[in-house]
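Biologist: I keep running into labels in structure write-ups, and I'd like to know where they come from. Can we go through some together?

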Amino acid sequence: MLTVPKEQLRDYIDRELEPSGWLAIDQERISAFADTTLDRQFIHVDEEKAARTPFGSTIAHGYLTLSLISHFAAECGIGPENAAMAINYGSDRVRFLQPVKVNDRVRARAMLKSVDDSEPHRVLVKTRFTIDIEGEDKPALVAEILSLFIVA
């Protein structure tokens, strides 16, 4: 995560940051997510049956892809220096644009959209994350994520 003095955060609004590294989405990860969320729809866990769908394979849950933003934010997000902690505060405009097929690799691109530091020791940032699928023109998802940083 890129950290800058909170007074400089606004300088990064609407500037795309360095993307994250690529992450493979294998069947083990998809199945573990299915078990955790109790969402075992065949398109996610039954490789034979899913192969007969228009996707040609199993696909990751949209919410699995969305949940990876926490991981990717640590790599390519932005926040204020001297943050004691960051808290997920919410999501705006989440759009699932294309499914992630088993064994696809995904990465995130981040762009800071807004900063609210009107409360002492708190900085609320909105970051737009785009999750790319390697080799695809259309991203898997785009979401505006709200993160609350508690600063010293």
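Biologist: Why is Phe-96 called partly exposed?

Modeller: This is a predicted model, and in it Phe-96 has a relative accessible area of 42%. Buried needs under 20% and exposed needs over 50%, so 42% lands in between and Phe-96 counts as partly exposed.

Biologist: And what makes Tyr-63 exposed?

Modeller: Tyr-63 comes out at 58%. The cut-off for exposed is over 50%, so Tyr-63 passes.

Biologist: How do you know that Tyr-63 and Phe-96 form an aromatic pair?

Modeller: Their ring centres are 5.6 Å apart, and the rule asks for centres within 6.5 Å. By that rule the count comes to one aromatic pair.

Biologist: Why is the pair called edge-to-face?

Modeller: Look at the angle: the planes are 80 degrees apart.

Biologist: What does the pair tie together?

Modeller: Tyr-63 sits in helix H4 and Phe-96 in strand E4 (residues 83-96), so the pair links parts that are 33 residues apart in sequence.

Biologist: OK, on to Ser-20. Why is Ser-20 called buried?

Modeller: Its relative accessibility is 7%. Buried means under 20%, so Ser-20 qualifies. You'll find Ser-20 in the loop between strand E1 (2-4) and strand E2 (23-24).

Biologist: What makes Ser-20 and Ala-108 a polar contact?

Modeller: A polar atom of the Ser-20 side chain lies 2.8 Å from the backbone nitrogen of Ala-108, and the limit is 3.5 Å. Leaving aside neighbours within four places in sequence, Ser-20 also touches others, including Phe-72, Glu-75 and Cys-76.

Biologist: How far is Ala-152 from Ala-83, in sequence and in space?

Modeller: They are 69 residues apart in sequence, while their C-alpha atoms are 6.3 Å apart.

Biologist: Last one. What makes Arg-15 count as lying over the face of Tyr-12?

Modeller: Arg-15 is 4.4 Å from the ring centre, and the rule wants within 6 Å, plus within 35 degrees of the ring normal. Lys-49 lies over the face of Phe-42 too, at 4.7 Å from the ring centre.

Definitions and conventions. Residues numbered from 1 in each chain as written. Predicted model: local features only at pLDDT ≥ 70, side-chain atom pairs only at ≥ 80, totals over all residues. Heavy atoms only, no water. Helix = DSSP H or I, 4+ residues; strand = E, 2+ residues; numbered from the N terminus. Buried < 20%, exposed > 50% of the residue type's maximum accessible area, 1.4 Å probe, protein only. Polar contact = N/O pair within 3.5 Å; in protein donor to acceptor, adjacent residues only side chain to side chain. Contact = heavy atoms within 4.5 Å. Phe/Tyr/Trp six-rings, centres within 6.5 Å; stacked < 30°, edge-to-face > 60°.
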